[in-house]
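Subject: Structure for your files, with notes

Hello,

Please read the notes with the structure open beside them.

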Amino acid sequence: MTSTSERRSATLSEIGLDKQNKATLGRLLVTGNVAYAEEGADGRMRGQLRIRPDELVWDPSILVMPHGGDLDLELFNDDLNTHCALLPSNGDRKFIWLVNHSRGRATLNLDGPGYYWFSSPTGNDEGRGLTGAIVVLGDVPPEARLDRPDQPRP
């Protein structure tokens, strides 16, 4: 049986978040879990984020989308304090107020590969660790690439 830390390390390695110039930034959010968004038959992806009591950490703190597209996100605040969620989405960010023991829903559109930060900007939640990332895997389409010579990749 593997420990939680070993599973997390294996997942980060599998996705490529544990190396420089891969999907990047996997080591910055070290206190939470990693999870994949589930893709439905309709092509939309679904995920859940939870704030557990007295932890001030999103669970998972890294949500991985296999490709760009629409993400239906369900958020739970199981904590005894009020928090919020400031979420990335193409066109405009989404803000959801999460009073204690509440839940909310958001539909995000993240159509390009990369990492997108989310947090709870109320009080000092961000400073105390209530930040996370949605990582969208994939490569930039040819029409969006910079007009410059190929760069060496590790």
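The accessible surface of the protein is about 9,100 Å², and carbon and sulfur atoms hold 49% of that. This is a predicted model, so the confidence values come next, by way of a caution.

Confidence

Mean pLDDT for the protein is 83, with 83% of its residues at 70 or more. The stretch to treat with care is residues 23–27, where the pLDDT is below 50. Beyond near neighbours in sequence, residues 23–27 have 17 contacts in the model.

Overall layout

The protein contains one helix and 11 strands. The chain has 154 residues, of which 38% count as buried. Taking the contacts with a separation of 6 or more, 59% are between residues 24 or more positions apart.

Salt bridges

How many salt bridges does a search of the whole structure find? The count is eight, and three of them are described here, beginning with the pair Arg 44 and Asp 70.

In that pair, the side chains meet with an N to O distance of 3.3 Å. Arg 44 is in the loop between β2 (38–39) and β3 (45–51), while Asp 70 is in strand β6 (residues 69–77), so the bridge links parts of the chain 26 residues apart. Arg 44 is partly exposed at 24% relative accessibility, and Asp 70 is also partly exposed, at 26%.

Arg 44 has another salt bridge, to Asp 72, with the closest N and O atoms 2.8 Å apart. Here the loop between β2 and β3 is again linked to strand β6, and the two residues are 28 positions apart in the chain. Asp 72 has a relative accessibility of 21% and counts as partly exposed.

Asp 78 and Arg 50 also form a salt bridge through their side chains, at 2.6 Å from N to O. Asp 78 is in the loop between β6 and β7 (83–87), Arg 50 is in strand β3, and 28 residues separate them. Arg 50 is partly exposed, with a relative accessible area of 22%. As for shared partners, Arg 44, Asp 70 and Asp 72 are joined by their salt bridges into one network.

Ser 119

One more residue to look up is Ser 119, in strand β10 (residues 114–119). Is Ser 119 buried or exposed? Its relative accessibility is 7%, so Ser 119 counts as buried, given that the cut-off for buried is under 20%.

The side chain of Ser 119 makes a polar contact with the side chain of Glu 126, at 2.5 Å. Leaving out residues up to four places away in sequence, Ser 119 touches Trp 58, Cys 84, Ala 85, Leu 86, Glu 126, Leu 130 and Thr 131.

Regards

Notes. Residues are numbered from 1 along each chain as its sequence is written. This is a predicted model: local features need pLDDT of at least 70, side-chain atom pairs count only at pLDDT 80 or more; totals for chains, interfaces and linings use all residues. Side-chain values use heavy atoms; hydrogens and water are left out. Helices (H or I, at least four residues) and strands (E, at least two) are DSSP runs, numbered from the N terminus. Buried means under 20% relative accessible area, exposed over 50%, partly exposed in between (1.4 Å probe, protein chains only). Contact means heavy atoms within 4.5 Å. Accessible areas come from the Shrake-Rupley method with a 1.4 Å probe; for residues, only the protein chains shown count as cover. A salt bridge is a side-chain nitrogen of Lys or Arg within 4 Å of a carboxyl oxygen of Asp or Glu. pLDDT is the predictor's confidence in each residue, from 0 to 100. A polar contact is a pair of N or O atoms within 3.5 Å; within protein, one must be able to donate a hydrogen and the other to accept it, and residues adjacent in sequence count only if both atoms are side-chain atoms.
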